[in-house]
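Subject: A structure for you to look at

Hello,

Here is the structure I promised to pass on. Please open it alongside this note and follow the residue numbers as you read.

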Amino acid sequence: MLTIPLNLLQSTQTPHSGYHWDGSSRRFFEGWYYRVTLPHCGQTFAFMYSIEDPIGSKPYSGGAAQILGANDEYICRTFPDVKKFWGSPDVLGLGHWGKTDLHTPPLYLLPAEFELHVKEGYQATATLNQGEIRDPATGNYCRWRYEIQPIYYWGNQNSIQQSTAGWVSSLQIFEPGWQILMAHGLASGSIDWNGKIYEFTNAPAYSEKNWGGAFPQKWFWLNCNSFDGEPDLALTAGGGRR
């Protein structure tokens with residue numbers, strides 16, 4: 001089995017790209033959002049990954065992968081074993097294994113190795129989003145793998161990137177933290193949605209994350225980076241009542 005260190009994938013990433021859990025038992029969650037828009041067919045796929053109370057043995061301990069797919073259809077799969085989740089503290093990199101024939105601690109795998117050994121789960125970095133989940137009740141499934149070419153993170157190109165919420169995002173009193181990881185990028189690959197395969201090249205892609213021990217009472221958020229006649233435009237806005 002071949003693996004590569006994630007630091008070889010590091011580019012000009014934003015602050016807060018790494019996994020935030022400090023190993024304590026306090027209430028904690030971290031969530032990631034990857035989206036790819038397919039203008040040629042009018043479909044959007046949003047992938048939402050989460051881990052809660054990773055210390056384990058808590059009422060909410062566990063992970064999940066949710067996908068809002070074609071025609072606003074939805075599929076979700078939970079991963080109760082927090083020990084099969086991994087996250088890089090230094091760069092954007094995470095994954096959760098479900099069904100697998102591997103007996104090693106979870107880690108980043110080369111995409112071909114992941115497809116061979118992990119039959120349910122996901123892994124994601126700044127340049128890759130890959131996985132497979134299945135709803136055992138309905139048989140509906142999604143299998144996806146696409147490479148990402150980041151264009152804009154959060155800050156000017158070729159300069160130091162910024163925290164989306166400024167310096168306050170580093171303080172636990174202002175939770176949750178929110179970070180736009182990639183305001184705009186280009187994705188190439190394929191998504192198998194219940195047998196219908198969507199193949200795409202240079203499709204608009206976006207990613208963000210949040211983390212902490214509490215969530216706002218109300219939250220609103222919008223993003224678009226697929227505008228007719230404006231291939232170099234991305235718009236993001238959000239806010240909430242803490």
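Below is what I found, starting with the whole chain and ending with some single residues.

First, how to read it: this is a predicted model, in which local features need pLDDT of at least 70 and side-chain atom pairs count only at pLDDT 80 or more, while totals for chains, interfaces and linings use all residues. Residues are numbered from 1 along each chain as its sequence is written, and side-chain values use heavy atoms, with hydrogens and water left out.

**The chain as a whole**

In sequence order the pattern is β-β-β-β-β-β-α-β-β-β-β-β-β-β. The radius of gyration is 17 Å, close to the 18 Å that the globule rule gives for 242 residues, so the chain is as compact as a globular protein of that length. That radius is taken over C-alpha atoms, and the rule is 2.2 Å times the number of residues to the power 0.38. Along the principal axes, the C-alpha atoms fill a box of roughly 45 × 45 × 35 Å.

Of the 242 residues, 47% count as buried. Here buried means under 20% relative accessible area, exposed means over 50%, and partly exposed is in between (1.4 Å probe, protein chains only). A contact means heavy atoms within 4.5 Å. Among contacts between residues at least 6 apart in sequence, 55% join residues at least 24 apart.

As for charge, the chain carries 17 positive and 22 negative side chains, and the centres of the two sets lie 7 Å apart. Lys and Arg count as positive and Asp and Glu as negative, with His and the chain ends not counted; each charge is placed at NZ of Lys, CZ of Arg, CG of Asp or CD of Glu.

**The nonpolar cores**

In soluble globular proteins, nonpolar side chains tend to be buried together. A nonpolar core here is a set of buried Ala, Val, Leu, Ile, Met, Phe, Trp, Tyr and Cys residues joined through side-chain atoms within 4.5 Å. The largest one has 37 residues, and Trp32, Tyr34, Val36, Phe47 and Tyr49 have the most contacts inside it. Among the elements giving two or more residues to this core are strands E1 (29-38), E2 (43-52), E10 (177-193) and E11 (196-212). Apart from it lies another core, of eight residues, including Trp86, Trp97, Tyr108 and Leu109.

Gly18 lies in the segment before E1 and is buried, at 8% relative accessible area. The C-alpha atoms of Gly18 and Pro89 are separated by 4.3 Å, although the two residues are 71 apart along the chain. Other contacts of Gly18 include Glu30, Asp90 and Lys209.

Glu120 sits in the loop between H1 and E7, and is buried at 5% relative accessibility. The C-alpha atoms of Glu120 and Glu132, twelve residues apart along the chain, are 5.1 Å from each other. Glu120 also touches Arg77, Trp97 and Lys99, among others.

Lys99 itself belongs to the loop between strand E6 (93-97) and helix H1 (111-117), and is exposed, with a relative accessible area of 54%. Setting aside neighbours within four places, Lys99 is in contact with His117, Val118, Lys119 and Glu120.

Lys218, in strand E12 (residues 218-224), is exposed, with a relative accessible area of 54%. Lys218 and Gly240 are 22 residues apart in sequence and 5.3 Å apart in space, C-alpha to C-alpha.

**Two asparagines with positive phi**

Asn71 has a phi near 55°, a positive value in a residue other than glycine. Asn71 lies in the loop between E3 and E4 and counts as exposed, at 56% relative accessibility. Asn202 has a positive phi of about 55° although it is not a glycine; Asn202 is in strand E11 and is partly exposed, at 44%.

Notes. Helices (H or I, at least four residues) and strands (E, at least two) are DSSP runs, numbered from the N terminus.
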